[in-house]
Amino acid sequence: MKDQLLPNAEWLAIIAASGIVGTAAMTLFMYGMTFITDKVMKVTKILGTMITCQTTDDRGLSESKTAIFTGIVAHYIIGIAFVFCYHILWFLGVGQPDFLNGLILGLASGMIAVMFWFTFFAVHPFPPDVDLKSYLLTLFLAHFVFALTAVWAYVFFAARL
């Protein structure tokens, strides 16, 4: 399937497309949970608000185009980076792109994300007002959506090489 550690252009396209598809599914899940629970879980807006340090005076999410754009771009780059790591693991013979490994990668990715976000909120000088316990739990679950969708997309696109 893959004959080199650093992927060629075709594999980079598959990795990028899979990361985009997985991130889109995860983002949709998070925004759906915002709608269902009426809690702040808009991951791209939270990320953009925190990266740009544009938390509003009442600790709300920024509505600036810069913050929103930054959050979206950062989130998709992170998603692509996760799939790149998955690809490297598979290349090295650690697992394979299938449902079971998607669950395992969802668990691992979710744990990494929770640790990152917990730390990010802890060190940020002015984080937005978010129910962190609910956000982190939902974010953890969202990484199963991400990983399973990204693995499915990876297999789908790789079959067309």
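Is Lys 39 buried, partly exposed or exposed? Its relative accessibility is 33%, so Lys 39 counts as partly exposed. I'll come back to that residue in a moment. Keep in mind throughout that this is a predicted model.

Let me start with the inside. The largest nonpolar core holds 32 residues. Those with the most contacts inside this core are Ile 46, Tyr 86, Trp 117, Tyr 135, Leu 139 and Phe 146. Five helices each supply at least two residues of the core: α1, spanning 9-37, α2 at 43-52, α3 at 65-91, α4 at 99-123, and α5 at 132-158. The largest share comes from α5, with ten residues.

Take Ile 46 as an example. Leaving aside residues up to four places away in sequence, Ile 46 touches Val 40, Met 41, Leu 61, Trp 117, Phe 121, Pro 128, Val 130 and Tyr 135. Two of those partners, Trp 117 and Tyr 135, are also on the list of residues with the most contacts inside the core.

Now the charged pairs. How many salt bridges does the structure hold? There are two.

One joins Lys 39 to Asp 131, with the closest N and O atoms 2.8 Å apart. Lys 39 sits in the loop between α1 and α2, while Asp 131 sits in the loop between α4 and α5, so this pair ties together parts that are 92 residues apart in sequence.

Lys 45 belongs to helix α2 and Glu 63 to the loop between α2 and α3, so the parts tied together are 18 residues apart in sequence. Lys 45, at 13% relative accessibility, counts as buried, because the cut-off for buried is under 20%. Glu 63, with a relative accessible area of 58%, is exposed.

Last, the surface. Leu 107, Met 111, Ile 112 and Met 115 form a nonpolar patch there, and together they have about 380 Å² of accessible area.

Technical notes:
Residues numbered from 1 in each chain as written. Predicted model: local features only at pLDDT ≥ 70, side-chain atom pairs only at ≥ 80, totals over all residues. Heavy atoms only, no water. Core = buried A, V, L, I, M, F, W, Y, C linked by side-chain atoms within 4.5 Å. Buried < 20%, exposed > 50% of the residue type's maximum accessible area, 1.4 Å probe, protein only. Helix = DSSP H or I, 4+ residues; strand = E, 2+ residues; numbered from the N terminus. Contact = heavy atoms within 4.5 Å. Patch = residues over 30% accessible without salt bridge, like charges linked within 9 Å, V, L, I, M, F, W, Y side chains within 5 Å. Areas by Shrake-Rupley, 256 points an atom, 1.4 Å probe, with all protein chains shown as cover. Salt bridge = Lys/Arg side-chain N within 4 Å of Asp/Glu carboxyl O.
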